[in-house]
Amino acid sequence: MVHKYDLRVRYSDTDKMQRLHHAAYVEYLEVVRIEFLRCLGISYDALEQSGYLLPVSKLRLNYRQGARYDEVLTFETRVVLDSRVRLTFRSEIRTTNAEIATAEVELACIDGVHHRPCKMPDELFEALQNASS
(Lines give C-alpha, C1' and ligand atoms only; values in the text may rest on other atoms or scores of the structure.)
Protein backbone atom coordinates (compact mmCIF):
# COMPACT_ATOMS: atom_id res chain seq x y z
CA MET A 1 0.00 0.00 0.00
CA VAL A 2 1.19 3.48 -0.83
CA HIS A 3 -0.14 6.18 1.46
CA LYS A 4 -0.22 9.64 -0.12
CA TYR A 5 -0.34 12.76 2.00
CA ASP A 6 0.05 16.42 1.01
CA LEU A 7 1.56 19.17 3.15
CA ARG A 8 2.09 22.79 2.20
CA VAL A 9 5.44 24.34 3.16
CA ARG A 10 4.75 26.88 5.90
CA TYR A 11 6.66 30.15 6.06
CA SER A 12 7.70 29.42 9.65
CA ASP A 13 9.44 26.23 8.42
CA THR A 14 11.67 28.00 5.90
CA ASP A 15 15.17 29.42 6.13
CA LYS A 16 16.47 32.79 4.97
CA MET A 17 16.29 31.60 1.34
CA GLN A 18 12.58 30.70 1.76
CA ARG A 19 13.42 27.01 1.38
CA LEU A 20 12.10 24.34 3.70
CA HIS A 21 14.64 24.04 6.52
CA HIS A 22 16.20 20.59 6.70
CA ALA A 23 15.02 20.04 10.28
CA ALA A 24 11.37 20.60 9.30
CA TYR A 25 11.40 17.42 7.23
CA VAL A 26 11.61 15.39 10.44
CA GLU A 27 8.44 17.01 11.80
CA TYR A 28 6.64 16.59 8.47
CA LEU A 29 7.60 12.90 8.40
CA GLU A 30 6.10 12.46 11.86
CA VAL A 31 2.82 13.98 10.67
CA VAL A 32 2.85 11.59 7.70
CA ARG A 33 3.45 8.54 9.95
CA ILE A 34 0.60 9.49 12.29
CA GLU A 35 -1.74 9.98 9.32
CA PHE A 36 -0.62 6.67 7.78
CA LEU A 37 -1.56 4.87 11.01
CA ARG A 38 -4.85 6.79 11.19
CA CYS A 39 -5.63 5.64 7.64
CA LEU A 40 -5.19 2.05 8.88
CA GLY A 41 -7.63 2.66 11.73
CA ILE A 42 -4.86 2.97 14.35
CA SER A 43 -4.92 5.97 16.70
CA TYR A 44 -1.42 6.78 17.91
CA ASP A 45 -2.94 8.40 21.00
CA ALA A 46 -4.88 5.21 21.81
CA LEU A 47 -1.74 3.15 21.18
CA GLU A 48 0.19 5.25 23.72
CA GLN A 49 -2.66 5.08 26.23
CA SER A 50 -2.63 1.28 25.97
CA GLY A 51 1.03 1.28 27.01
CA TYR A 52 2.95 1.13 23.71
CA LEU A 53 5.33 3.70 22.23
CA LEU A 54 6.98 3.87 18.80
CA PRO A 55 10.12 6.00 19.11
CA VAL A 56 12.39 6.62 16.15
CA SER A 57 15.48 4.41 16.25
CA LYS A 58 16.96 5.39 12.86
CA LEU A 59 16.36 8.23 10.45
CA ARG A 60 17.84 8.69 7.01
CA LEU A 61 17.07 11.62 4.72
CA ASN A 62 18.47 12.11 1.24
CA TYR A 63 17.96 15.65 -0.03
CA ARG A 64 17.86 16.16 -3.79
CA GLN A 65 16.69 19.77 -4.02
CA GLY A 66 14.95 22.35 -1.87
CA ALA A 67 11.25 22.96 -1.45
CA ARG A 68 10.05 26.55 -1.54
CA TYR A 69 7.67 28.35 0.76
CA ASP A 70 4.02 27.63 -0.15
CA GLU A 71 4.82 24.62 -2.36
CA VAL A 72 2.71 21.54 -1.80
CA LEU A 73 4.75 18.46 -0.95
CA THR A 74 3.36 15.01 -1.67
CA PHE A 75 4.63 12.24 0.57
CA GLU A 76 4.27 8.75 -0.91
CA THR A 77 4.91 6.37 1.96
CA ARG A 78 5.18 2.61 2.31
CA VAL A 79 5.68 0.59 5.46
CA VAL A 80 7.96 -2.41 5.89
CA LEU A 81 7.66 -4.72 8.88
CA ASP A 82 11.17 -5.64 9.91
CA SER A 83 10.01 -7.82 12.84
CA ARG A 84 7.33 -7.90 15.54
CA VAL A 85 9.30 -5.09 17.22
CA ARG A 86 10.63 -2.93 14.35
CA LEU A 87 9.06 -1.23 11.35
CA THR A 88 10.29 1.19 8.70
CA PHE A 89 8.40 3.93 6.88
CA ARG A 90 9.89 4.75 3.46
CA SER A 91 8.83 8.01 1.88
CA GLU A 92 9.37 9.71 -1.45
CA ILE A 93 8.79 13.44 -1.15
CA ARG A 94 7.76 15.32 -4.29
CA THR A 95 6.65 18.68 -5.53
CA THR A 96 4.57 18.90 -8.70
CA ASN A 97 7.80 19.08 -10.71
CA ALA A 98 10.33 16.77 -9.05
CA GLU A 99 11.33 14.35 -6.33
CA ILE A 100 13.02 16.50 -3.70
CA ALA A 101 13.92 13.93 -1.03
CA THR A 102 13.62 10.36 0.14
CA ALA A 103 13.43 9.22 3.74
CA GLU A 104 13.56 6.05 5.80
CA VAL A 105 12.37 6.18 9.39
CA GLU A 106 12.77 3.07 11.54
CA LEU A 107 10.68 2.77 14.68
CA ALA A 108 10.91 0.33 17.57
CA CYS A 109 7.94 -0.74 19.65
CA ILE A 110 8.63 -0.30 23.36
CA ASP A 111 6.49 -0.62 26.46
CA GLY A 112 5.50 2.69 27.93
CA VAL A 113 6.49 1.84 31.51
CA HIS A 114 9.96 0.31 31.31
CA HIS A 115 10.88 1.67 27.87
CA ARG A 116 12.13 -1.73 26.76
CA PRO A 117 11.55 -3.31 23.33
CA CYS A 118 8.38 -5.38 23.10
CA LYS A 119 6.20 -7.01 20.47
CA MET A 120 3.66 -4.77 18.81
CA PRO A 121 0.05 -5.33 19.84
CA ASP A 122 -1.70 -7.74 17.45
CA GLU A 123 -4.06 -5.08 16.06
CA LEU A 124 -1.14 -2.85 15.05
CA PHE A 125 0.96 -5.71 13.70
CA GLU A 126 -1.89 -7.09 11.57
CA ALA A 127 -2.81 -3.65 10.18
CA LEU A 128 0.82 -2.98 9.25
CA GLN A 129 1.22 -6.48 7.81
CA ASN A 130 -1.78 -5.90 5.54
CA ALA A 131 -0.47 -2.49 4.51
CA SER A 132 3.00 -3.85 3.71
CA SER A 133 1.84 -6.60 1.38
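These points concern the salt bridges in a predicted model.

1. Overall count. Searching the whole structure gives 12 salt bridges. The points below take up some of the residues involved.

2. Asp 70 and Arg 8. These two side chains form a salt bridge, with an N to O distance of 3.5 Å. Arg 8 belongs to strand 1 (residues 3-8), while Asp 70 sits in the loop between strand 3 (56-63) and strand 4 (72-81), so the pair ties together parts that are 62 residues apart in sequence.

3. Accessibility of that pair. Asp 70 has a relative accessibility of 40% and therefore counts as partly exposed.

4. Arg 64 and Glu 99. A salt bridge joins Arg 64 to Glu 99, and their closest N and O atoms are 2.7 Å apart. This pair too links distant parts of the chain: Glu 99 is in strand 6 (residues 99-108) and Arg 64 is in the loop between strand 3 and strand 4, 35 residues apart.

5. Glu 99 and Arg 94. Glu 99 also meets Arg 94 in a salt bridge, at 3.8 Å from N to O. Glu 99 has 22% relative accessibility and is partly exposed. Arg 94 is likewise partly exposed, with a relative accessible area of 27%.

6. Network. Which residues are linked with Arg 64, Arg 94 and Glu 99 in a network of salt bridges? Lys 4, Glu 76 and Glu 92 belong to that network along with them.

How values were computed: Residues numbered from 1 in each chain as written. Predicted model: local features only at pLDDT ≥ 70, side-chain atom pairs only at ≥ 80, totals over all residues. Heavy atoms only, no water. Salt bridge = Lys/Arg side-chain N within 4 Å of Asp/Glu carboxyl O. Helix = DSSP H or I, 4+ residues; strand = E, 2+ residues; numbered from the N terminus. Buried < 20%, exposed > 50% of the residue type's maximum accessible area, 1.4 Å probe, protein only.
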